[in-house]
Amino acid sequence: MSSASLAGGTSLYGGGFTKLCKGLAVVLFCGHAAVLIFPATVTYLALIPSRTIPFAWNLITAGYLEQSTYGVVTSIIGLLFMGRLLEPIWGSREFVKFIFAVNFFTSLCVFVTAIALYYIKMEERYLYLPISGFHGILAGLLVGIKQIIPDQELPLLRIKAKWFPSIVLLLAMALSFFIPEPAAYIPILVFGTYMGWIYLRYIQTRPETKFRGDPSDDFSFASFFPEFLRPIINPVASVFARLLCGRSGASTNSHDYALTETSLPGSDSAEAARRRERGARALEERLAAERLTAARSAEDDPQRDAAANV
């Protein structure tokens, strides 16, 4: 069974929210409430490059602090819907590891970028701009959606899931011309997407194969770009892949192909197929549970009506 056969609104949005995602949603809500009640919270928890040293904890807390009501609503909705698809497939522990890793390394990259922009442009606003938000993690979760169900289509728009991350980045960059401080949003989205891909491509542990990462061609860096750009992107991406491989290859055995761009013949496509099948199976199980619940409700209604008539 292919994930394409499950295209439609109910396949992506069926099922209940997980306890972990509900807990994270409460954290986001409480963080925003703290900003509204105690505005000084932003000073200590948001990523402000000039204060990151010694306030290094803001590399972690910034990702869970939403400064706007629109931002917290969007983040909670995105977390709940994407989390209930990805968490059952990855497992709660791996889901938490993914969120923590993407959040931390995204914040670290944003911090380094802000310092670099300050030295390049000599504008102090890059040092004192409070940067925070869960949207970097959401961008990383979209990469997970791309990996698990690449051929699933978005209802109404008929856009395949594999294009979600790229479209979000393009829209964000287009909107950056109309928002006052794009530096507070764009770097988080860009690095969130990239760190999500790095984690899933090279780091994530796969218990079913005891390998790490996803070396399939369908999940290469070039897969985020249209077909006609891939001949240009591939050579550049291969350079970074070799850098990553060189650092970790010495510590892995010959079977740990996740940290290399080469693998056994056919293993890339086979693993990608297994991942898609696993995602499709999880969606189908959720749909089956919904149909069973609906059937039981339909059976209970006549019984309740008969009891009322008696």
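Leu-142, Val-143, Ile-145 and Lys-146 in helix H8 meet Phe-164, Pro-165 and Val-168 in helix H9, where contact means heavy atoms within 4.5 Å. By class, this contact of H8 with H9 has six nonpolar, no polar and one charged residues; Ala, Val, Leu, Ile, Met, Phe, Trp, Tyr, Cys and Pro count as nonpolar, Asp, Glu, Lys and Arg as charged, and the others, Gly among them, as polar.

The model is predicted, so that local features need pLDDT of at least 70 and side-chain atom pairs count only at pLDDT 80 or more, while totals for chains, interfaces and linings use all residues. Residues are numbered from 1 along each chain as its sequence is written, and side-chain values use heavy atoms, with hydrogens and water left out.

Two packed helices are described by the angle between their axes and the distance between the axes. In the table, axes are lines fitted to C-alpha atoms, for helices over the stretch in contact, and angles run from 0 to 180 degrees between N-to-C directions; helices are DSSP runs (H or I, at least four residues), numbered from the N terminus.

| Helix pair | Angle | Axis distance |
|---|---|---|
| H5 (residues 69-90) and H6 (residues 92-121) | about 125° | 7 Å |
| H8 (residues 135-148) and H9 (residues 164-175) | roughly 145° | within 8 Å |
| H9 and H10 (residues 186-203) | roughly 165° | within 10 Å |

The angle of roughly 165° between H9 and H10 makes H9 roughly antiparallel to H10, a term for angles over 145 degrees, with under 35 as roughly parallel, 65 to 115 as roughly perpendicular and the rest as oblique. H9 passes H10 in a left-handed crossing, meaning that the near helix is turned anticlockwise from the far one by less than a right angle, whereas clockwise is right-handed. Here Pro-165, Leu-169, Ala-172 and Met-173 of H9 meet Ile-186, Leu-189, Val-190 and Thr-193 of H10, a set that divides into seven nonpolar, one polar and no charged residues.

For H5 and H6, the angle of about 125° makes H5 oblique to H6, and their crossing is right-handed. Leu-79, Gly-83, Leu-86, Glu-87 and Trp-90 of H5 make the contact with Ser-92, Glu-94, Phe-95 and Phe-98 of H6, which by class gives five nonpolar, two polar and two charged residues.

An unreviewed UniProt entry places the feature "transmembrane region" at residues 24-48, 68-86, 98-120 and 126-149; such positions are given in the numbering used here, feature names are shortened, and annotations may be inferred rather than shown by experiment. Over residues 98-120 the chain is 100% helix and 0% strand, with end C-alpha atoms 32 Å apart, while residues 126-149 are 71% helix and 0% strand, with end C-alpha atoms 38 Å apart.

Key. Helix = DSSP H or I, 4+ residues; strand = E, 2+ residues; numbered from the N terminus.
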